Amino acid sequence: MNAVTFYTKRINQATSFEFNVFDNQFATENLAVRKVLMSMLESVAHRLSDLEVEYNDSMLAEKVGGRRAGELLRLLGATKENTRENLSNGVVVSRTFRAPLTEERYDYFYNQRDIATLAHYRLQEGQEDRIVFYFTRYLQLIAPDQEAYDKFLATLESFSLPYKLVPIA
């Protein structure tokens with residue numbers, strides 16, 4: 001197996017690890033990609049407090065089925081009160097909600113079979129992004145300190161996932 005490539009960048013004390021889906025040429029349900037997300041989650045698990053999800057109703061229903069889509073959104077904390085519509089020319093193109101990251105919701109992300117089931121999500125420490133998945137383009141970890149940095153790389157190694165770090169400016 002080829003090494004998984006991460007583009008790295010320092011942001012003050014933090015390090016951003018970006019896994020570009022196109023560059024790595026893996027399907028989003030590939031075990032290697034799932035291990036990348038699992039490693040990211042493990043590296044900052046104790047810091048995560050909130051999640052923000054953006055989804056398109058019809059795309060989500062097509063991916064998991066209409067009934068399952070509703071169940072998934074409820075599991076992740078979507079309610080009428082915390083969901084807002086994103087409009088383009090007066091048409092709803094997506095919806096976004098924010099909810100506390102419970103253990104059950106963390107487990108959903110850790111165990112999901114396809115990291116792209118939801119189009120766009122952020123796992124956060126307060127208002128600070130820690131893990132971001134953006135429309136099948138990239139999966140990003142923002143490791144806030146050396147401990148999270150080291151834990152991420154150690155977890156990749158424990159999963160026997162070869163990686164390559166490519167610094168970017």
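A salt bridge here is a side-chain nitrogen of Lys or Arg within 4 Å of a carboxyl oxygen of Asp or Glu. The model is a predicted one, and by this rule it holds 10 salt bridges.

Select R122 and E52 to start. Their side chains form a salt bridge, at 3.8 Å from N to O. R122 sits in strand β6 (residues 120–125) and E52 in strand β3, 70 residues apart. R122 is partly exposed, its relative accessible area being 22%.

Strands β3 (residues 50–55) and β5 (residues 91–100) run antiparallel and are joined by six bridges.

Now select the whole sheet. It is open and mixed, with nine strands in the order β4-β5-β3-β6-β7-β8-β2-β1-β9. From one strand to the next the twist averages 20°.

Next, pick helix α6 (residues 146–158). It lies across β1 (4–11), β2 (14–20), β8 (138–143) and β9, and runs at about 145° to β9.

Return to β5 and select R95. Its side chain meets D57 in a salt bridge of 2.7 Å, N to O. R95 is in strand β5 and D57 in helix α3 (residues 57–64), so the pair ties together parts 38 residues apart in sequence. R95 also forms a salt bridge with E85, with the closest N and O atoms 2.9 Å apart. E85 belongs to strand β4, 10 residues from R95.

Last, select R47, E125, R130 and D145: salt bridges with shared partners join these residues into one network.

Terms used:
Residues are numbered from 1 along each chain as its sequence is written. This is a predicted model: local features need pLDDT of at least 70, side-chain atom pairs count only at pLDDT 80 or more; totals for chains, interfaces and linings use all residues. Side-chain values use heavy atoms; hydrogens and water are left out. Two strands pair if DSSP finds at least two bridges between them. Helices (H or I, at least four residues) and strands (E, at least two) are DSSP runs, numbered from the N terminus. Axes are lines fitted to C-alpha atoms, for helices over the stretch in contact, and angles run from 0 to 180 degrees between N-to-C directions. Contact means heavy atoms within 4.5 Å. Buried means under 20% relative accessible area, exposed over 50%, partly exposed in between (1.4 Å probe, protein chains only).
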